[in-house]
Amino acid sequence: MFYKTVAELVKTAEQRKCPISTIVLENQVENTELTLDELLKQMDKNWSVMVEAMERGLNEEVRSVSGLTGGDAKKLYQAHLSGSSPLSGGPVMETVARALAVAEVNAAMGRIVAAPTAGSCGVVPAVVYTVANLRGNSRSDIVKALFTAAGFGMIIAYNASISGAEGGCQAECGSASCMAAAAAVELAGGTPVQAAHAGAIALKNVLGLVCDPVAGLVEVPCIKRNAMAAANAMVAADLALSGIESRIPIDEVIGAMKEIGKSMPATLKETACGGLANTPTARLLERQLFEAYEE
């Protein structure tokens, strides 16, 4: 069995004086029919797909089939490169642009890696890419950090949910933000304990986030929520690396997310019946889209 709590995962890594990714990899070797080399190669392929999605979204005018979204990643990235919008800082701005890029590629029916879901696919690659570039990490470091992200994601899925239909967007973009923050800390040379605090802080910040896709499509507000979750992960990682701790342990935060998800009405869990999906503008867009399809 895989570790059921982050506390157990962190304790083992601390006792072994190794990164969380080492424990996750060893556990996967033990519980799958894959060798260590096969697991690393598989994750390396995943990273290649992530990078391809980022580059496509940043450099092309990617548009969704519905026409609702697209082109924002390229627009923001160009602003980042030109220095014309410096308010949030270079690394954060690049991270946000990359998160938008992958989410836009997903909306355009492009190839992405669900991390942990398609609706939250931009967060982990954007954060990992930017942090690795800043810190000068190798591709091997990146691949291993993705296993740390995966480990956190598996524990969230086991104890709560990564499904917007079950737990709202907190379960999708929230989980992705938690995973990305933990991976960022490892890439930056932080400890397993700091990775857990970063994950807890990131997830706490989005508790209660609803899933209310306009017209039932994973576009509005999903794509911009990827951007928000990526920036949130960067901030959470910085807080943890600075020695700031989450007063509520991460496993309890995950438990709270599950409880909140159960309390959410169905209208706010991917049904497109409430929230932003039920605003006058959203309903107008929905009618226009479906009328166009019927024609």
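**A buried side chain, a helix and its salt bridges**

Tutor: Ile-156 touches Ser-161, Ile-162, Ser-175, Cys-178, Ile-254 and Met-257, leaving aside residues up to four places away in sequence; contact means heavy atoms within 4.5 Å. The model is predicted, so to speak of local features requires pLDDT of at least 70 and side-chain atom pairs count only at pLDDT 80 or more, while totals for chains, interfaces and linings use all residues. Residues are numbered from 1 along each chain as its sequence is written, and side-chain values use heavy atoms, with hydrogens and water left out.

Ile-156 belongs to helix H7; helices (H or I, at least four residues) and strands (E, at least two) are DSSP runs, numbered from the N terminus. With a relative accessible area of 0%, Ile-156 is buried. The scale calls a residue buried under 20% relative accessible area, exposed over 50% and partly exposed in between (1.4 Å probe, protein chains only). Cys-211, 55 residues from Ile-156 in sequence, lies 18 Å from Ile-156 in space, C-alpha to C-alpha.

H7 (139-159) is also one of the helices against which the buried residues of H6 pack, together with H3 (36-59), H5 (90-107), H9 (173-187) and H11 (222-241). The buried positions of H6 are Val-123, Val-124, Pro-125, Ala-126, Val-127, Val-128, Thr-130, Val-131 and Ala-132. H6 has 13 residues (123-135) and should span 18 Å at 1.5 Å a residue, which agrees with the 18 Å between its end C-alpha atoms; the expected span is 1.5 Å times one less than the number of residues. After H6 comes Gly-136, with a positive phi near 75°.

The crossing is right-handed, where a crossing is right-handed if the near helix is turned clockwise from the far one by less than a right angle, and left-handed if anticlockwise. H5 contributes Pro-91, Glu-94, Thr-95, Arg-98, Ala-99 and Val-102 to the contact, and H6 contributes Pro-125, Ala-126, Val-127, Tyr-129, Thr-130 and Leu-134. Of these contact residues, eight are nonpolar, two polar and two charged (Ala, Val, Leu, Ile, Met, Phe, Trp, Tyr, Cys and Pro count as nonpolar, Asp, Glu, Lys and Arg as charged, the others, Gly among them, as polar).

Glu-94 and Arg-98 are also linked with Glu-55 in a network of salt bridges. A salt bridge is a side-chain nitrogen of Lys or Arg within 4 Å of a carboxyl oxygen of Asp or Glu, and the whole structure has 12. In another of the pairs, Glu-52 bridges to Arg-111, with the closest N and O atoms 3.0 Å apart. Glu-52 sits in H3 and Arg-111 in the loop between H5 and H6, so this bridge ties together parts 59 residues apart in sequence. Glu-52 is partly exposed at 45% relative accessibility, and Arg-111 is exposed at 55%.
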